[in-house]
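Welcome! Let us take a friendly walk through a protein model, one topic after another. Please keep the picture open while you read.

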Amino acid sequence: MLTPVVLITGFLGAGKTTLINDLLRGDHGLRIAAIVNDFGAINIDAALLRDAADTVVGLENGCICCALQGDLLRSLRLVLERAPELIVIEASGAADPRGILEVLSDPILIGHIRTDAVAALVDAADISARPARLRDPLWQAQIRAADFVLLSKGPLTPALRAQLAPFRKPLLPLEDEGLPLALLLGDSGALRAPAEPGRVTADHLQSLEWESALPLDPAAFSAVLHQIAPQLLRAKGWLRFAPAPQELHLLQLAGQRAALSPAAPRPDVAGAKLVLIGLREGFAPDALTRALDQTRLIG
Ligand SMILES: Nc1nc2c(ncn2[C@@H]2O[C@H](COP(=O)(O)OP(=O)(O)OP(=O)(O)O)[C@@H](O)[C@H]2O)c(=O)[nH]1
């Protein structure tokens, strides 16, 4: 029997991990394995999914669309040994999913798996705030590779419907419809056209991983984020602030929105562990590291 595979793609911060978490916790009784690929070496998504999945494999330090193709192949083989009933792959928000689809049609794997659905997450609020996103070749490649588009963070407005019409994909607003289990678990890929050749790279993006062994000054940290906001596409990770360093926070910044929430204990985070991703132009990792270093409360 072929193990179904669902690939979740979509731009940075669009809601892929959130959707996969909902899927893992959904009422379907399936044993699901998740393979996730974060942009940086700090594999935050794998940590956020670990409690809910049967097996979680995090692919670190690269993007599965290119550098990590071999790792993805190995991970799929490893995961298949545990006989899951479904495999969910989260593509990095900086990946062109065509590289992943290539791996999924590997001649040996094809005897064991079947790619049932490729879903692209689109952040409705992000598109309304930054319509230029529609022209980003990476964003477009992610939508083009998908069988359908799932809209997060907002309703399907007439304006959004018109903006997405050229891509000719079925549009499903998660807000109204909830998690489309039937679509994700059904075989929507049966009539999928072969992927167009070529690959869009993420050269226009730049990431920074930053760690601190000391808790941070909240006002200084917030000022740094505010300062780099125009270039910043995504930030996520764990933080401790003075004067209550015993409390661990999860930072989620995607598009225009930043949120801090209480995080499950992580003894490996003494002060902070963060990944920040921005548009290469104007995003200077060295200067940003120095600015972030200044937010550490020393002594
Ligand atoms: N309001 C709202 N927020 C959402 C929704 N989905 C995700 N978010 C929030 O958006 C932020 C990013 O969500 P993730 O699920 O981590 O996004 P992602 O696509 O996995 O991000 P990367 O893997 O970093 O590209 C988090 O703060 C989520 O809580 C949604 O449907 N509605």
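In which helix is leucine 288 found? Leucine 288 is part of helix α11, residues 285-293; helices (H or I, at least four residues) and strands (E, at least two) are DSSP runs, numbered from the N terminus. Keep in mind that this is a predicted model, where local features need pLDDT of at least 70, side-chain atom pairs count only at pLDDT 80 or more, and totals for chains, interfaces and linings use all residues. Residues are numbered from 1 along each chain as its sequence is written.

**Two domains**

- The chain is divided into domain 1 (3-185) and domain 2 (205-293), with bounds that come from an automatic or database domain assignment.
- Between the C-alpha centres of domain 1 and domain 2 there are 24 Å.
- Their contact takes 14 residues from domain 1 and 13 residues from domain 2; two residues are in contact if their C-beta atoms, placed from the backbone, lie within 7 Å.
- On the side of domain 1 that touches domain 2, helix α5 (residues 124-129) gives the most, with three residues.
- That side of domain 1 has eight nonpolar, three polar and three charged residues. Here Ala, Val, Leu, Ile, Met, Phe, Trp, Tyr, Cys and Pro count as nonpolar, Asp, Glu, Lys and Arg as charged, and the others, Gly among them, as polar.
- UniProt, in an unreviewed entry, lists residues 205-296 as "domain: CobW C-terminal"; its positions are given in the numbering used here, feature names are shortened, and annotations may be inferred rather than shown by experiment.
- The span 205-296 is 22% helix and 39% strand, and its end C-alpha atoms lie 26 Å apart.

**Around the ligand**

- The ligand is surrounded by 19 residues, and the closest are Gly15, Thr17, Thr18, Gly93 and Gln252; a residue counts here if its C-beta atom, placed from the backbone, lies within 6 Å of the molecule.
- Two or more residues of this shell come from each of α1 (16-24), β9 (232-239) and β10 (249-254).
- Helix α1 gives the most to the shell, with three residues.
- Sorted by class, the shell holds six nonpolar, eight polar and five charged residues.
- Why does the ligand lie between domain 1 and domain 2? Both domains give residues to the shell, so the ligand lies between them.

**Strand β1 and its partners**

- Seven of the eight residues of strand β1 (residues 3-10) are buried; a residue is buried if 20 or more other C-beta atoms lie within 10 Å of its own, exposed if 12 or fewer, and partly exposed in between, with C-beta atoms placed from the backbone.
- Strand β1 runs parallel to β5 (residues 113-123), joined by eight bridges; two strands pair if DSSP finds at least two bridges between them.
- In this pairing, valine 5 stands opposite threonine 115 in β5.
- Strand β1 also runs parallel to β4 (residues 86-90), with four bridges, and leucine 7 stands opposite isoleucine 89 there.

**Two buried residues**

- Leucine 288 is buried because 20 other C-beta atoms lie within 10 Å.
- Leaving aside neighbours within four places in sequence, leucine 288 is in contact with Leu208, Ile228 and Leu276.
- Leucine 288 and leucine 225 are 63 residues apart along the chain, and their C-alpha atoms are separated by 9.6 Å.
- Arginine 240 sits in the loop between β9 and β10, and arginine 240 is buried, with 22 other C-beta atoms within 10 Å.
- Not counting residues up to four places away in sequence, arginine 240 touches several residues, including Pro215, Glu247 and Val269.
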